[in-house]
Amino acid sequence: MAESSNSPNHRHSIPGLSSLGKLDPKETEMIMEYFKTQVLLLQEKALLQASVREEKKLLVENAKLKKDICDLKALLTEKQQKKKAKAAAAKLNATDSTNLGGTAAPPDPGTCPRPALYRERDGRRRRGGEKKGRKEGHNSDSAFEEEARVDVSRLDLRIGRIVGIRYHPLAGALYVQEVDLGEPAPRTVVSALRHIPKEQLQGHLAVLLCNVRPCRVKGVVSTAMVLCGSAPNDSDDVNGDEIQMELLEPPSNAVPGDRITFQDYPGEPDRVLSPRERLWERILPDLQTDSRGVATYRGAGFEVRGKGLCRVSTLTNSSIK
């Protein structure tokens, strides 16, 4: 029984080996090459799937990094703007201190019993000023750049409608006007437009400078300024005014609140004009009407974008006030 069970006829054979052994050696080699190729393909597929997963992971991380960079840029821009504002304020303060120091009279030697003490204090002030100058030196360029932009784009010029007008109670040569500028409430404007009859102002559109600092004019607070064309009156009429004035007339389809823009001057207006800079006074000589009566700044017309130009009726080649 043992011999019979161990005989070759009764051994268990591995599936496929018997048939594989019957194959030609070349066919066997081809089959083995095929299996190797399939194994390599499976390995490449696994690597590709892993690389796709890695790529997705990298894309997610890249998006997070982009968001972090944008946040950091915004923070940096905000800090730079604060530094510029501080540098400009410090420069103005330093200018005031210099002006005061230049105009102050030196102490009288006859009335000063301890001149050495004054010299010591002056030395401390000079040293303090030098340290402050070194500290603010790196911000001076940006401050000069801000101050260098002196053009009409810093003026907040808008269209308004005069909805009410009366004489100033304390000055008959002044008008007190209520002007609709597209804001929640009309603005009060005090102006010297006595050369223009009230009837020509009531209900009319006008161009106003809106970012002037509010000022009190004989007890009435004025919060804007009406712009007009102005020229000397060449008429021989004895009773006539010495000056002719005409409102700047906006385009007929303009509405209160429309902003005046200028080609080649795309900047944004200041929130409030600083009286210290005297920006309005520096720009005023370049505001004129041309030969067609169009209001211009250095040749660029007062334009309501998409609606047209502002002009005067008759005062060509005249100044604007």
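Gly182 takes a positive phi near 75° in the hairpin of β2 and β3, which has six residues between the strands. This is a predicted model, where local features need pLDDT of at least 70, side-chain atom pairs count only at pLDDT 80 or more, and totals for chains, interfaces and linings use all residues. Residues are numbered from 1 along each chain as its sequence is written, and side-chain values use heavy atoms, leaving out hydrogens and water.

Strands here are DSSP runs of E, at least two residues long, and helices are runs of H or I, at least four, numbered from the N terminus. Strands β2 (residues 171–180) and β3 run antiparallel, joined by five bridges; strands pair if DSSP finds at least two bridges between them. Gln177 has Val189 in β3 as its bridge partner. Four of the five residues of β3 (residues 187–191) are buried. Buried means under 20% relative accessible area, exposed over 50%, partly exposed in between (1.4 Å probe, protein chains only).

Now the aromatic rings. Rings of Phe, Tyr and Trp (its six-membered ring) pair if their centres lie within 6.5 Å; planes under 30 degrees apart count as stacked, over 60 as edge-to-face and the rest as tilted. The structure holds five such pairs. Tyr34 and Phe35 form a tilted one, 6.1 Å centre to centre with 50° between the planes. Tyr34 is partly exposed at 48%. Phe35 is partly exposed at 46%. Phe262 and Phe302 pair edge-to-face, at 4.8 Å and 75°. They lie 40 residues apart, in two loops. Both are buried. Ring pairs also link Phe262, Tyr265, Tyr297 and Phe302 into a cluster.
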